[in-house]
Amino acid sequence: MVIAIDLGSNTFRVALIKKVQNGFSNEQIYEKIVGAARGLNESGKIGLEAKNRLFEAIVEAKSKFDFTKFKCAAVATEAFRVASNSEEIFSEIREKFGINFHIIDGQAEAKLTFLGVQNALKKLGINDKFSIIDIGGASSEIGEDGKFISFKFGIITFYERFKTLDLMQENAKIYTKEARKFLTSLDNKLIVLTSGVPTTIAALKLGLNYESYDPKKVRGYELKNDDLAWFVNELLKMDDKSADVVVGRSRKYPLIAGTLLLKELLSGQKAKFIVIDDGLREGVGAAYLKGIFQEIITKF
């Protein structure tokens, strides 16, 4: 078994991953919103508050997982690729917590995410060819096996740049233009949507809130185009306090931003859309247990 960590631009996700007969399974999971990309557009750095939230999340994770018994494979993504103080933060983490983070590029991130999604689809009995869309906090990975591109837009950075609903609606199409063109060039009969936006939409449609969220219930949810407009309308109807309970603290507006981006990406697509909670975290664990983790993070 291995402890796999995905430190995204918004969320810190940890899982204890075990090799099983039909692939890999999560024996234990933990995640927390740390908002690493908040303020990144303006400062070019991971902010002190985000750093403190991250360190608190690591302390919590260390109390839940046996880091003395299991090896740990940890990756960090776009916010840390661009922040000028990433190495300083990770040096402190190595010293304080003994965890060695690898800042991976967009290609490695997409490949590992693909592995995580592929494993989840096998559990659902789906072996068809598929594409992935993973809209993160500061970047978005799109592609199919052997053909991936990482695009420089994400829900936190997009929201922080435009703030208002009108401006986000005006700019979502512009921001996703190249990504939409690339997605259309793929063989899309099945598009798998992973990351917080589609999983939260699926959860709300299934009557789950942030506290009752269950990744197994969300896995395999077939998302319809109408679900996106419905979700934005539901969030807009909620006051901020209610939204904190339903979708998680301070997630309302970034989720609206992400849904607008996703809506533009899926516009005109004739494929079936499936939601999967598994992604980069699970791919890191699968790659490590397959013995190909190092090869993937150094190849790309």
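Is strand β6 mostly covered or mostly open, and which strands does β6 pair with?

Analyst: In this predicted model, strand β6, which spans residues 131-135, is mostly covered, since five of its five residues are buried. In a regular strand the side chains alternate between the two faces of the sheet. In β6, Ser131, Ile133 and Ile135 point one way while Ile132 and Asp134 point the other way, and all of them are buried.

Strands of a sheet pair through backbone hydrogen bonds, either parallel or antiparallel, and β6 takes part in both kinds of pairing. With strand β7 (residues 140-144) β6 runs antiparallel, joined by five bridges, and the two strands form a hairpin with four residues between them. Within that pairing, Ile133 stands opposite Ile142 of β7. With strand β9 (residues 190-194), by contrast, β6 pairs in the parallel sense over four bridges, and there the bridge partner of Ile132 is Val192.

In soluble globular proteins, nonpolar side chains tend to be buried together. Here the largest nonpolar core has 78 residues, and Ile133 is among those with the most contacts inside it, together with Phe12, Ile93 and Phe101. The element that gives the most to this core is helix α13 (residues 252-266), which supplies eight residues. A second, separate core has 18 residues, including Ala4, Ala15, Ile17 and Ile104.

On the α6 side the contact is made by Ile155, Ile156, Phe158 and Tyr159, and on the α13 side by Tyr253, Pro254, Ala257, Gly258 and Leu261. Sorted by class, this contact has eight nonpolar residues, one polar residue and no charged residues.

Phe12, named above beside Ile133, belongs to another part of the model. Its contacts, leaving aside neighbours within four places in sequence, include Tyr30, Val34, Leu54, Ile58 and Phe101, and Phe12 stands opposite Lys32 in β3. Strands β2 (residues 11-20) and β3 pair in the antiparallel sense over ten bridges, and they belong to an open sheet of five strands in the order β3-β2-β1-β4-β5, with mixed pairing. Because β3 (23-33) and β5 (101-103) each have a single partner strand, they stand at the edges, and one side of each is left without a neighbour in the sheet.

Methods:
Residues are numbered from 1 along each chain as its sequence is written. This is a predicted model: local features need pLDDT of at least 70, side-chain atom pairs count only at pLDDT 80 or more; totals for chains, interfaces and linings use all residues. Side-chain values use heavy atoms; hydrogens and water are left out. Buried means under 20% relative accessible area, exposed over 50%, partly exposed in between (1.4 Å probe, protein chains only). Two strands pair if DSSP finds at least two bridges between them. A nonpolar core is a set of buried Ala, Val, Leu, Ile, Met, Phe, Trp, Tyr and Cys residues joined through side-chain atoms within 4.5 Å. Contact means heavy atoms within 4.5 Å. Ala, Val, Leu, Ile, Met, Phe, Trp, Tyr, Cys and Pro count as nonpolar, Asp, Glu, Lys and Arg as charged, and the others, Gly among them, as polar.
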